[in-house]
Amino acid sequence: MPDSTLDEVDRAVVHAIERSPRASWKSLGDVIDVDPATVARRWARLEREGLAWVTCYPLLTQDPASAFVEISCRAGTTEDVAAAIARHPEALFVDIVTGGTDILITAVSADQAGLSDYVLRRLPLVSGVEDVQTQPVVTVHFEGGYAAAGSLERRAAVKLPTPEHGVLIRTNIEVDDLDWELCIALSRDGRQPVADLARAVGLSETAVGRRLRRLSSQGALRMIVELTPDAAGRSAIVWVYARVPAGARSLAVRRIAEMPGVRTISSIAGPENLAFKVALPHLSALDDFETRVSEIEPDLVIADRKIVLRQVRLMSRLIDPLGRAIGVLPIDLRARGR
């Protein structure tokens, strides 16, 4: 099995790309203080071995709908069910988890009607599915990264072009099918050169560059660097459900978001009102993490936690049992699974 260990240069490369996902190899090399060819070679190795990649989550819809969906499976079918669901365009995250259910997915659609159709009509028809429970996501408060933050000195990181990470709160923007096609192509490979994107969508490089600049300036390109947990030195992934008084939620979110390894924090409509995902160095670190959470926010009550036994889909990538990316799936919120 290829070595998943990242050295200092690898981590600096990942952090630089996380900071500015489409920066040129020269810009990245200048910041890291290595030659551009070395940066490109290091990144190519990480991509080739399924350890790291750049994807794009298109923020082109005014009212996207999402939910955490827990699925119970017939005995002996969990892996097959998860593999089938991972092919659904709505299922951006698919985790096999511990607890009262077998699979936890993050389902996303362009609108509430599409999400309802998915969880009410199509998911229950997947062979092996016995029960589906849905908790709508009300607000995504925070999306962070555990890729390689801290690997660059602050004064070096600010030399990179303005990050193209998009915004979570959308405003009305006018988009067409070609904008969608660009975002879908970027979801496969967020660092695709403009020339390749131009060939993919049938436009000139000038036109593609103009569209990318417009979408970026409007916050419509949610560019994300993913690094496998093992490569990041965080082998335990945990979903935590909690209850917190409404008046204390904003402060709780802000404090939890500052904790190392926290990947996402969302308000949900269910028995609990807050859900967050954390990547830890090892499972034994969960006790310390929860103790720290209780110290920074005494009003927060942790109601449940789900240990991820296996990631099956991570946004635009299928993940093998060793935790490495093995297949690419486009992210198209308009799509409807069959």
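This is a predicted model: local features need pLDDT of at least 70, side-chain atom pairs count only at pLDDT 80 or more; totals for chains, interfaces and linings use all residues.
Local features were taken at pLDDT of at least 70 and side-chain atom pairs at pLDDT 80 or more, whereas totals for chains, interfaces and linings use all residues. Residues are numbered from 1 along each chain as its sequence is written, and side-chain values use heavy atoms, with hydrogens and water left out.

Strands are DSSP runs of at least two residues, numbered from the N terminus. Strand E3 (residues 91-97) is mostly covered, with seven of its seven residues buried; buried denotes under 20% relative accessible area, computed with a 1.4 Å probe on protein chains only. Two strands are taken to pair if DSSP finds at least two bridges between them. E3 pairs with strand E4 (residues 103-109) in the antiparallel sense over five bridges, and Ala91 stands opposite Ala107 in E4. The two strands form a hairpin with five residues between them, and Gly99 in the turn has a positive phi of about 110 degrees. E3 is also joined by five bridges to strand E10 (residues 301-314), again in an antiparallel arrangement, where Phe93 stands opposite Leu314.

Ile331 lies in the segment after strand E12 (325-328) and is buried, with a relative accessible area of 0%. Beyond its neighbours within four places in sequence, Ile331 is in contact (heavy atoms within 4.5 Å) with residues including Leu92, Ile184, Arg313 and Met315. The C-alpha atoms of Ile331 and Arg188 are 7.8 Å apart, although 143 residues separate the two in sequence.

E10 also contributes four residues, the largest share, to the lining of the second largest pocket. A pocket is an open set of points on a 1 Å grid over the protein atoms alone, where a 1.4 Å probe fits, with protein on both sides within 12 Å along at least five of seven lines; lining residues have an atom within 4 Å of a point. Its volume is about 250 Å³. Of the 14 lining residues, Ser235, Leu309, Arg310, Gln311 and Gly323 lie nearest the centre.

Two aromatic pairs were counted, the criterion being ring centres within 6.5 Å. In one of them, the rings of Phe68 and Trp239 have centres 5.1 Å apart and planes at 65 degrees, so the pair is edge-to-face (planes over 60 degrees apart). Phe68 belongs to strand E2 (residues 65-73) and Trp239 to strand E7 (residues 236-243); the pair therefore ties together parts that are 171 residues apart in sequence. Phe68 is buried at 3% relative accessibility, and Trp239 is buried with a relative accessible area of 3%.

Notes: Buried means under 20% relative accessible area, exposed over 50%, partly exposed in between (1.4 Å probe, protein chains only). Grid points are joined across faces, edges and corners, and a volume is the space filled by probe spheres set on the points. Rings of Phe, Tyr and Trp (its six-membered ring) pair if their centres lie within 6.5 Å; planes under 30 degrees apart count as stacked, over 60 as edge-to-face and the rest as tilted.
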